[in-house]
Amino acid sequence: MTVELAPAAVEVTDRQKAASPWRLAWGRLRRRPAAMVGLGIIAFFVLAALLAPVLTAISGYGPADTDKYAIDPYLGGLPRGAFGGMSPQHWLGVEPMLGRDIFARLLYGARISLLVSFSAALLITVVGVALGVTAGYFGGRIDAVISRFMDVMMSFPSLIFMIALLSVVKNANRVLLLVVVMSLFTWPYIARVIRGQTISLKRREYVEAARASGTPSLRILLTEILPNLTSTVIVYVTLAIPGLIGSEAGLTYLGVGVRPPTPSWGQMITDAQLYYKVDPMFFVLPCACLFLVVLAFTLLGDALRDALDPKGGHG
């Protein structure tokens with residue numbers, strides 16, 4: 001007895017077969033309001049950072065421009081007007097004493113925070129994935145050497161050593177130095193995750209078959225192992241970026257990160273702690289930006305983990 005499927009059922013089945021894993025993951029991600037909110041916040045700040053020159057040209061003030069008429073010398077240099085001097089000329093107010101436009105400095109501060117965190121994330125991904133895959137696939141002495149090196153790097157109290165290295169190196173590009181120092185103590189974590197995944201993948205039948213057929217190890221790594229690690233890498237990097245953004249802000253807050261006159265959220269928070277009682281908006285605005293970006297990446301990373309691995313996720 002032959003059972004014929006209705007045309008609609010056949011169409012749905014064919015559509016499900018044709019759907020790629022990435023399209024299915026995107027469908028699951030779109031059904032999560034928190035993920036969409038996080039993605040929207042990230043897109044907003046990325047666009048704002050990219051368009052910073054355009055937006056500051058519209059507002060009329062750059063990050064280093066001062067406006068002595070926007071501050072009151074008789075009140076200790078506090079901004080004139082309510083909410084930190086918000087006005088049609090200064091949309092988010094001005095800094096006390098110097099009269100620099102907060103809107104412009106927030107935009108360019110976003111550039112620094114995102115540039116440092118994205119660059120560090122890219123560097124730790126390249127180094128961590130390369131060493132993790134090498135250790136997991138080849139095993140033996142290579143695995144032992146790389147694993148012991150990872151253990152040594154992870155045993156360092158990273159924050160103390162970051163502060164020490166950034167303090168010792170004086171005349172250097174601070175953005176580049178931040179990226180290198182932060183990456184130096186962060187790559188072992190993704191390397192360890194990738195090593196474990198690679199050990200599991202190299203025992204799969206398709207990898208064993210490729211090895212038995214004489215396929216070179218490099219080709220197996222590039223065509224069989226790495227494509228199956230993509231989702232793991234994406235999730236890890238998305239969840240690592242909030243920590244990198246916080247580290248950059250924290251190191252700058254401690255005075256060893258980005259230095260004046262380069263604008264940075266951490267630097268603005270440092271300057272604002274002297275005025276948080278008399279000019280709270282100067283303190284609230286950079287803190288709010290930092291909080292929103294970190295929250296957005298955290299929400300998106302959690303949702304990505306569940307969307308790309310629905311069986312191992314939380315729902």
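How many aromatic pairs does the count come to? In this predicted model, the count comes to eleven aromatic pairs, taking ring centres within 6.5 Å as the rule.

**Figure 1. The aromatic pair of Phe 156 and Phe 185.** An angle over 60 degrees is what puts a pair in the edge-to-face class. Phe 156 sits in the loop between helix H6 (140–155) and helix H7 (158–168), while Phe 185 sits in the loop between helix H8 (174–184) and helix H9 (187–201), so the contact ties together parts that are 29 residues apart in sequence. Phe 156 is partly exposed, at 31% relative accessibility. Phe 185, in contrast, is buried, with a relative accessible area of 5%.

**Figure 2. The aromatic pair of Tyr 275 and Phe 282.** Here the ring centres are 6.5 Å apart and the planes make an angle of 50°, which gives a tilted pair. Phe 282 has a relative accessible area of 2% and is therefore buried, the limit for that class being under 20%.

**Figure 3. A cluster of Phe 44, Phe 45 and Trp 265.** These three residues are linked into a cluster by ring pairs.

**Figure 4. The cis peptide bond between Pro 260 and Pro 261.** The bond that joins the two prolines is cis, with omega at about 5°. Pro 261 belongs to the loop between helix H12 (230–253) and helix H13 (265–272).

**Figure 5. Phe 83, a residue with positive phi.** Phe 83 is not a glycine, yet its phi is positive, at about 55°. Its place in the chain is the loop between strand E2 (78–79) and helix H5 (102–138). With a relative accessible area of 58%, Phe 83 counts as exposed, because that class takes values over 50%.

**Figure 6. Met 97, a residue with positive phi.** For Met 97, phi is positive at about 70°, although this residue is not a glycine. Met 97 is located in the loop between E2 and H5, and the loop between strand E2 (78–79) and helix H5 (102–138) also holds Phe 83. Buried, exposed or partly exposed: which word applies to Met 97? At 47% relative accessibility, Met 97 is partly exposed.

Terms used
Residues are numbered from 1 along each chain as its sequence is written. This is a predicted model: local features need pLDDT of at least 70, side-chain atom pairs count only at pLDDT 80 or more; totals for chains, interfaces and linings use all residues. Side-chain values use heavy atoms; hydrogens and water are left out. Rings of Phe, Tyr and Trp (its six-membered ring) pair if their centres lie within 6.5 Å; planes under 30 degrees apart count as stacked, over 60 as edge-to-face and the rest as tilted. Helices (H or I, at least four residues) and strands (E, at least two) are DSSP runs, numbered from the N terminus. Buried means under 20% relative accessible area, exposed over 50%, partly exposed in between (1.4 Å probe, protein chains only).
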